[in-house]
Amino acid sequence: MNTLELEIARRRKGKTRRDMASAIGKCLNAYAKKETGKTPFTDEEKLALAAGLGLTMEQFSVIFFDDKLPKR
């Protein structure tokens, strides 16, 4: 997971860690651990974040799958 790209995407959208924690139904501390890579996101959380941040498939691949998802 690319933690820096996730943080950049979040900040570009003007979202706080608290906003993202709410989007995935976690407390702020739990989200912070996930965003910094200490705890993994579940697949459902990844999808919720992608929707909440309006990520493209390319951004989603870069952030959560080290750009290893198949390209169209």
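Leaving aside neighbours within four places in sequence, with which residues is T36 in contact? In the predicted model, T36 is in contact with T3 and R17, where contact means heavy atoms within 4.5 Å. T36 is found in the loop between α3 and α4 (43–53). With a relative accessible area of 37%, T36 is partly exposed; buried denotes under 20% relative accessible area, exposed over 50%, and partly exposed the range in between (1.4 Å probe, protein chains only). T36 and N2 are separated by 34 residues in sequence and by 9.0 Å in space, C-alpha to C-alpha.

Residues are numbered from 1 along each chain as its sequence is written. In this predicted model, local features need pLDDT of at least 70 and side-chain atom pairs count only at pLDDT 80 or more, while totals for chains, interfaces and linings use all residues, and side-chain values use heavy atoms, with hydrogens and water left out.

The mean pLDDT of the protein chain (the predictor's confidence in each residue, from 0 to 100) is 95, and 100% of the residues score at least 70. The secondary structure comprises 5 helices and 0 strands, assigned as DSSP runs (helices H or I, at least four residues; strands E, at least two) and numbered from the N terminus. The order of the elements from the N terminus is α-α-α-α-α. The radius of gyration of the protein chain is 11 Å, close to the 11 Å that the globule rule gives for 72 residues, so the chain is as compact as a globular protein of that length. This radius is taken over C-alpha atoms, and the globule rule is 2.2 Å times the number of residues to the power 0.38. Among the elements, helix α3 (residues 28–35) has the highest mean pLDDT (98), and helix α5 (residues 57–65) the lowest (94).

K34 lies in helix α3. At 7% relative accessibility, K34 counts as buried. Not counting residues up to four places away in sequence, K34 touches M1, I24, K26, T39, P40, F41, T42 and E45.

Over the whole protein chain, buried residues make up 29% of the 72 residues. Of the contacts with a separation of 6 or more, 44% are between residues 24 or more positions apart. The C-alpha atoms fill a box of roughly 35 × 25 × 20 Å along the principal axes.
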